[in-house]
Amino acid sequence: MEHLIEKTSGWRGSRAIWIDAAYHALLEQGIDGVKVMPLADRLKLSRTSFYGHFSDRNELLGALITLWQSKNTGNLIERTEAYAETINEAVFNVFDLWLIPDLFDSRLEFAVRNWAHVDAVLARQLEEADQIRVEALQAMFERYGFDTLYANIRANTVYQTQIGYISMMKDRPSEPFLPRLERMPYYAEIFSGQHVTEAECSRFFARHSSGHHATGAIPA
């Protein structure tokens with residue numbers, strides 16, 4: 001009986017499997033690729049098994065949006081609130097998002113932004129997410145003594161730089177990790193307006209170097 005239940009469950013798939021298939025279809029083909037029959041073919045499951053987990057396609061699309069909100073917006077807010085002794089360390093905490101795919105999914109971000117061009121409801125959600133993210137970054141700068149206007153401008157600069165980077169890199173070869181990592185302290189200094197110390201760099205490089213020997217701080 002246990003074997004039969006296990007087999008039946010496997011044949012019907014799971015909610016997570018369908019969401020994962022929809023996620024990959026969205027990245028590869030855009031929102032037009034996220035349809036029940038192509039996903040069923042991709043998973044080698046029946047169309048009816050989809051309805052064991054979702055009431056309709058819109059519920060699946062809602063699950064993708066929830067994934068995007070949780071992973072990208074949720075993690076960004078968490079990184080802006082993470083402990084840091086200095087503003088540069090706080091900026092480095094945010095940079096973790098751009099270096100660790102599990103924290104911020106750049107491909108999903110790009111796909112959702114494209115999707116929003118043809119979905120007015122999602123476009124409003126995207127606009128709201130942008131505002132929430134910038135406000136979180138602004139609050140981070142304000143905690144380190146920046147006045148409201150400067151904090152807002154710096155927050156927008158950080159955010160728009162990265163969103164622009166995501167858009168530009170979509171159809172280009174992946175940038176080598178180590179050269180990108182070693183440029184991060186220069187970006188941090190530009191964003192914060194404060195010199196990055198060797199200690200700040202060392203702590204940042206230590207959690208990202210993965211055996212590579214990154215160089216020291218920005219020269220004075």
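## Exercise 1: The largest pocket

Task: Determine which helices supply at least two residues each of the lining of the largest pocket, and then describe that lining.

Solution: In this predicted model, the helices that each supply at least two residues of the lining are α2 (15–29), α6 (87–99), α7 (106–115), α9 (148–169) and α10 (177–192). The largest share, 6 residues, comes from α7. The next step is the volume, which is about 750 Å³ for the largest pocket. Of the 31 residues that line this pocket, S106, R107, I166, M169 and S174 are the closest to its centre. Sorting the lining by residue class, finally, gives 17 nonpolar, 6 polar and 8 charged residues.

## Exercise 2: The second largest pocket

Task: State the volume of the second largest pocket, and find which element gives the most to its lining.

Solution: The volume of the second largest pocket is about 200 Å³. Its lining consists of F95, W98, V158, T161, Q162, Y165, E175, R180, R183, M184, Y187 and F191. When these residues are assigned to elements, α6, α9 and α10 are the ones that give two or more, and α10 gives the most, with 5 residues. By class, the lining divides into 7 nonpolar, 2 polar and 3 charged residues.

## Exercise 3: α6 against α11

Task: Decide how the axes of α6 and α11 are oriented to each other, parallel or perpendicular, and list the residues through which the two helices meet.

Solution: The axes of α6 and helix α11 (residues 198–206) come within 10 Å and cross at roughly 25°. Angles under 35 degrees count as roughly parallel, and α6 and α11 are therefore roughly parallel to each other. The crossing of these two helices is right-handed. On the α6 side the contact is made by N88, E89, F92, F95, D96 and L99, which meet E200, C201, R203 and F204 in α11. Divided by class, the residues of this contact are 5 nonpolar, 1 polar and 4 charged.

## Exercise 4: α2 against α3

Task: Classify the packing of α2 and α3 from their angle, and describe the residues of their contact.

Solution: α2 packs with helix α3 (residues 36–43) at an angle of about 110°, and their axes are 10 Å apart. That makes α2 roughly perpendicular to α3, since the range for this class is 65 to 115 degrees. The crossing is right-handed. From α2, the residues I17, W18, A21, A22, H24, A25, E28 and Q29 meet V36, L39, A40, R42 and L43 in α3. The residues of this contact divide into 9 nonpolar, 2 polar and 2 charged.

Note on methods. Residues numbered from 1 in each chain as written. Predicted model: local features only at pLDDT ≥ 70, side-chain atom pairs only at ≥ 80, totals over all residues. Heavy atoms only, no water. 1 Å grid on protein atoms, 1.4 Å probe; cavity = no way out; pocket = protein on both sides within 12 Å on 5 of 7 lines; lining within 4 Å. Points joined across faces, edges and corners; volume = space filled by probe spheres on them. Helix = DSSP H or I, 4+ residues; strand = E, 2+ residues; numbered from the N terminus. Nonpolar A, V, L, I, M, F, W, Y, C, P; charged D, E, K, R; others polar. Axes fitted to C-alpha atoms, helices over the stretch in contact; angles between N-to-C directions. Parallel < 35°, antiparallel > 145°, perpendicular 65-115°, else oblique. Left-handed = near helix turned anticlockwise from the far one by under 90°. Contact = heavy atoms within 4.5 Å.
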